[in-house]
Amino acid sequence: MSLQLLPRWITLQRDEDPETVAFLSGAALATLDAVLRDPNGTLPCALLRDRMALDSAVACLKLEGRNESGSDIRDAVCLARAGDRLGPAGEMFMGWRKLARINLGVSGWKGRVENALPTALAHEAVSILGTSSGTPVGQASDILAELLPRFPREEAGALMLADVALARAVGWDRPVPLLGAHMVRRDIRAVATGAGEPRLFVHRAMVAACDTAIRLAADLDLRVAKLRSVAPKLRAKGSDAALALFLSHDAVSPSGMLSPMIQGTLMPMTDRAARRLCDRLVELGVVRELTGRSTFRLYGV
């Protein structure tokens with residue numbers, strides 16, 4: 001059963017009245033919340049968050065005046081060897097990825113949030129999280145209103161903390177990268193300079209963010225259903241463990257993540273077997289090759 005997208009009366013409304021925008025934002029967030037919490041759903045939430053982390057990284061790099069694409073970031077992260085520096089683009093993505101994997105329901109989560117943040121804002125995490133109250137969007141906007149005027153060049157870190165506050169207020173067990181890719185530069189600058197109402201800007205971004213997230217969730221849900229349906233046909237040893245990586249990572253490198261050991265396991269896989277498995281998944285139409293190259297290929301759902 002396919003996921004229901006946001007109705008057009010939410011996504012096409014252009015009314016700038018604060019009450020109307022807040023109502024639309026609440027409706028969008030409630031719909032996304034239902035999608036993420038569906039007890040009978042098959043949505044791979046880890047993969048959804050990872051792909052949204054990539055989108056947030058691309059958007060935040062643009063805020064810093066950089067033009068790396070999602071493909072550039074994938075290469076920087078997936079093709080790096082142990083100990084290699086990832087560069088600004090790779091580090092930005094890894095920050096968002098780490099943030100999206102933090103379990104907010106276990107002790108020590110604040111320390112892990114600190115570790116995911118840019119250095120300039122790391123010390124702010126403990127002091128600012130949990131100090132606000134009110135609606136989820138209200139808490140997120142309070143954090144942006146507090147941090148952006150003080151740290152006008154740390155937009156990514158402020159947006160990360162805002163997404164953490166939003167997730168905790170809604171009751172999600174992990175942050176969902178929503179604001180990073182959908183708070184527009186104009187509104188971020190306005191918050192930083194004290195011009196305009198932060199809550200209006202966040203409400204506006206929330207409608208776009210939830211719409212994008214639900215559309216992506218619907219697409220991934222269909223793709224992953226196909227992937228799971230072919231699992232019994234795969235004969236390669238360790239294929240189940242390999243498929244688990246595709247269900248949680250935006251991109252998979254055969255040589256770096258499947259061979260010589262399947263990442264996160266003690267299960268060996270030869271380079272040849274890893275490549276044959278990925279080619280087989282492409283042949284079955286359940287995985288895509290993401291680079292268009294003949295070498296150093298990356299694969300994803």
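Tutor: In soluble globular proteins, nonpolar side chains tend to be buried together. Here the largest nonpolar core has 101 residues, and V113, L129, W172, L178, F246 and L281 have the most contacts inside it. A nonpolar core is a set of buried Ala, Val, Leu, Ile, Met, Phe, Trp, Tyr and Cys residues joined through side-chain atoms within 4.5 Å; buried means under 20% relative accessible area, with a 1.4 Å probe and protein chains only. Helix α12 (residues 198-230) supplies the largest share of this core, 15 residues. Helices (H or I, at least four residues) and strands (E, at least two) are DSSP runs, numbered from the N terminus.

This is a predicted model, in which local features need pLDDT of at least 70 and side-chain atom pairs count only at pLDDT 80 or more, while totals for chains, interfaces and linings use all residues. Residues are numbered from 1 along each chain as its sequence is written, and side-chain values use heavy atoms, with hydrogens and water left out.

Student: Which residues does L178 touch?

Tutor: Leaving aside residues up to four places away in sequence, L178 touches L32, M52, D163, L166, W172, M206, A209 and A213. Contact means heavy atoms within 4.5 Å.

Student: Which residues of helix α13 are buried, and why do they lie on the same side?

Tutor: An α-helix has 3.6 residues a turn, so residues three or four places apart point the same way. In α13 (residues 239-246), the buried residues are S239, A242, L243, L245 and F246. They lie on the same side of α13 because they cover an arc of only 150 degrees around the axis, taken from the directions from the helix axis to the C-beta atoms. Their cover includes α3 (45-63), α12, α14 (254-258), α15 (271-283) and β2 (299-300).

Student: What volume does the largest pocket have, and which residues are closest to its centre?

Tutor: Rolling a probe the size of a water molecule over the atoms shows where empty space is left. A pocket is an open set of points on a 1 Å grid over the protein atoms alone, where a 1.4 Å probe fits, with protein on both sides within 12 Å along at least five of seven lines; lining residues have an atom within 4 Å of a point. The largest pocket has a volume of about 550 Å³, the volume being the space filled by probe spheres set on the points, which are joined across faces, edges and corners. Of its 24 lining residues, V77, C78, L79, A80 and G256 are the closest to the centre. α14 gives the most to this lining, with four residues.

Notes. Buried < 20%, exposed > 50% of the residue type's maximum accessible area, 1.4 Å probe, protein only.
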